[in-house]
Amino acid sequence: MKFFIDTANLNHIKEAHELGILDGVTTNPSLMAKENIKGKEHINQHYKTICELVQGDVSAEVLNTTYKEMIDEGLELAAIHPQIVVKIPMIKDGLKVIKYLNNKNIKTNCTLVFSAGQAILAAKAGASYISPFIGRIDDSNWDGIQLISQIRHIFDIQNYETEILAASIRNPLHIIKSAEAGAHICTSPLDSILALLKHPLTDIGLAKFIEDSKKL
Ligand code: G3P
C-alpha cells in the first residue's frame, strides 16, 4: 500500500517526505483554506511547491462543479506540473470530466466517494483513483473499512485498473485496516502516520538497552 499525506501544510509534507515513506500528497479546498492559500496564482504556486518537494502524485481539486468549468480548471491544474492529479467530485458532470481528462491522458482522483456504486461509475469513467472517505462513513454509523473491502473485491473481479485511495483517515488503526482491506493507497494526516511508530514496549525496551549499553 502506498502512503500519501493528506494536507496542504508544507512542514508536514517535508516531515513525512524525510521519513522516506511518502509516495504522494492529497489536498482539498478545506485543507488549502486551513493554510490560508487564497487566489488562483497563490493556489497554483502552492501546488507547484508541493510537487517540487515530493516525488509522486499530488492531487489538486477543482473548485467548480459544472462540466465546462471543471474541464477548464482541470486542464489548467494539470498544466502546473506533471505530478498533478486532478481531483474531481463524484457528481454527474464530474463523471463526464473524468472521462474527458482520461481521454487526454490526464490522471484523475474521484473524490467524495461513499458507496460501491459510485466507485464503479468512477472506475468505468476511467478515474485513476477513487477516494472513499472512511472517517466520514464511520461518523455516519456505517463501516468505512467494509466499503474498502467491497470495492476492492469488485475491482478485482471486474479487472478495473482504478486504484482505491482510502481517505478521511482519522487514526493509525484506519491505516492498518485500510491495508488489510486492500486499499492501494492510504492518505493520512501526519499525526496518524507518526502514531504508527509508537508502542510503549518499544520505548521500555529501548530505555533498557540504553541503560545496559552503559555497562558495555
Ligand atoms: O482526503 C479527504 C479528507 O481530507 C477528508 O478528511 O477528516 O475532513 O473527513 P476529513
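I began at D6, where a polar side-chain atom lies 2.6 Å from an oxygen atom of the ligand; a polar contact is a pair of N or O atoms within 3.5 Å. The model is predicted, so I kept to the cut-offs of pLDDT of at least 70 for local features and 80 or more for side-chain atom pairs, while totals for chains, interfaces and linings use all residues. Residues are numbered from 1 along each chain as its sequence is written, and side-chain values use heavy atoms, without hydrogens and water.

I looked up two further contacts. A polar side-chain atom of N28 is 3.0 Å from a ligand oxygen atom, and an N or O atom in the side chain of R136 is 2.6 Å from one. The protein covers 80% of the 310 Å² of accessible area that the ligand has on its own (Shrake-Rupley method, 1.4 Å probe).

I then listed the residues around the ligand: D6, N28, F133, R136, A167, S168 and R170 (a heavy atom within 4 Å). By class, this shell has 2 nonpolar, 2 polar and 3 charged residues.

Last, I checked the rings and found 3 aromatic pairs (centres within 6.5 Å; planes over 60 degrees apart count as edge-to-face, under 30 as stacked, the rest as tilted). F4 and Y129 pair edge-to-face, at 6.1 Å centre to centre and 85 degrees between the planes.

Note on methods. Polar contact = N/O pair within 3.5 Å; in protein donor to acceptor, adjacent residues only side chain to side chain. Nonpolar A, V, L, I, M, F, W, Y, C, P; charged D, E, K, R; others polar. Phe/Tyr/Trp six-rings, centres within 6.5 Å; stacked < 30°, edge-to-face > 60°.
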